[in-house]
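This report covers the overall build of one protein and then its aromatic ring pairs.

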Amino acid sequence: MKKEAVITEERTLDPQYWSALNELGHRMLDDLFYYLETSRQRPVYTKPTAAAIDSMQQPVPEMPQDAVSVYEDFLKHVLPYNTNNIHPRFWAWVQGGGTPLGMLADMLASGMNANVSIGDSMPMHVEKQVLDWSKQIMGFPETASGLLISGASLANITALVVARHHADRNIKTKGLQSLPGPLTIYGSSETHNCVMKGVEVIGIGSDNFRKVPVDENYRIRTDVLQRMIVEDIAAGCRPFCIVGNAGTVNTGAIDALDELAAIAKEHNLWLHVDGAFGAIPNLLPEFASRLKGLELANSLSFDFHKWMYVNYEAACVLVRDPELHREAFAYAVSYLMVHDRGLSAGPDGYNNYGMELSRGFKALKVWMSLKQYGLETYRTLIRQNLQQAQYLAELVQNDPLLELMAPVPLNIVCFRYNPANMLTGELNNLNREILMRLHEKGIAAPSYTLLNGQYCIRVAITNHRSQFNDFELLVNEIAAIGKEVVSSKW
Ligand SMILES: *Cc1c(COP(=O)(O)O)cnc(C)c1O
């Protein structure tokens, strides 16, 4: 039976004439360089307009639109309303600022359209190089395995899956229901919520996460941890993992990792360290002693996109025992076999070390950044951020209307505006109002947290563009807004 050809012209998504797109591409580059160069001149926060939001509530486009006009939509409706973590006074949550070279590296990776999973290609080796460098930075043995992944949240889950496999290799096939008692896991009450989500997702259940209380410095109480483990064993539970914090998200507290390593060893537990940002100062010789024990962890997660200032997304998980890591994830199937030669020859696929099969070329921006800046530049910038945190803490302590709310062991400063004679509830509302006005006026973007029920303005400094006088401006503006709010009986 003869079929009528309906296609009269063969199509592709590539342009017919490249020069117009070439011109648009150069315009985009110029615009973005200008955007980065002038970030300080714009407000740190700009609320998306109704028109911008409306532009994202349109039907699926049926007909094609010119690339230039699509770009103009982006310029008009998207770019001006960025989260704006590229601004020198962005200190909310824990977000890095990215770099111009990182932006270009993402373009290169995207242009290659590399899928860094299996096969004999250089992107695989670039990722291996970045993982080897990561091991050196963190003091892990060169035999360790690792994986680049979107963020510390997924890095933590990846590590917990290996920890679960370490607890009992049968779980992989028989499931947790094959165990006589529940697996239990331990971490301080300051542990990041993504660990709790991970514990839920991998079937441990958050009720089996034992939130160990912290001391006055927000560090895990190791004496209580010991007691909890012993009690759980006596009750028929199966302790399997301790999660240590190298830099808690609230205050930057660093657990006594060496003590956690000793406790883990004593009970044959897995020690995972969440070092999302706080593991990075391991680069500094003068700081490394405060992270003592980091190198003893069975696994470690950290972000490149926070305190290594790499553009989103890029994080890393390292696992001391590469065989266990591989065993936890590898799954032999006929369509992913390694061949002797050709495209399907080694190296070992990254799909054997995590959940993702298709994976982007995150490694390129990390590789290029580490080469361009060198560890010396990172050390300088991390020291600068640490000093800025101490400087802000001093400014707060020298101002009678401001109150420092937690110790500052790292790069996070929690404080509040506190005119005398106000109750906690009133102070909480006052400081929330100050923060919202600080954002709305586009002055600075700290975030917030509650410490013992008390609302704090929280400044997390993983920003390579911040200058010391930005913190002076912050404190002065908070004093001015505080006065304004109090006198206006808001
Ligand atoms: C940010 C953070 C995470 C989560 O990392 P993502 O990169 O956002 O997924 C986990 N733990 C800590 C301590 C963090 O600060």
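Which tyrosines form one aromatic cluster? Tyr309, Tyr373 and Tyr378 do.

## Basis

The model is predicted: local features need pLDDT of at least 70, side-chain atom pairs count only at pLDDT 80 or more, and totals for chains, interfaces and linings use all residues. Numbering starts from 1 along each chain as its sequence is written, and side-chain values use heavy atoms, with hydrogens and water left out.

## Overall build

The protein has 14 helices and 12 strands, taken as DSSP runs (helices H or I, at least four residues; strands E, at least two) numbered from the N terminus. Its C-alpha trace spans about 90 × 60 × 45 Å along the principal axes.

Of the 490 residues, 50% are buried (buried is under 20% relative accessible area, exposed over 50%, partly exposed in between; 1.4 Å probe, protein chains only). Among contacts (heavy atoms within 4.5 Å) with a separation of 6 or more, 74% join residues 24 or more positions apart.

## Aromatic pairs

There are 7 aromatic pairs. Rings of Phe, Tyr and Trp (its six-membered ring) pair if their centres lie within 6.5 Å; planes under 30 degrees apart count as stacked, over 60 as edge-to-face and the rest as tilted.

Trp91 and Phe471 are stacked, 4.6 Å centre to centre with 20° between the planes. Trp91 lies in strand β1 (residues 90-91) and Phe471 in helix α14 (residues 468-487), so the pair ties together parts 380 residues apart in sequence. Both Trp91 and Phe471 are buried.

Tyr448 and Tyr455 are also stacked, because their ring centres are 6.4 Å apart and their planes at 25°. Tyr448 is partly exposed, at 39% relative accessible area, whereas Tyr455 is buried, at 7%.
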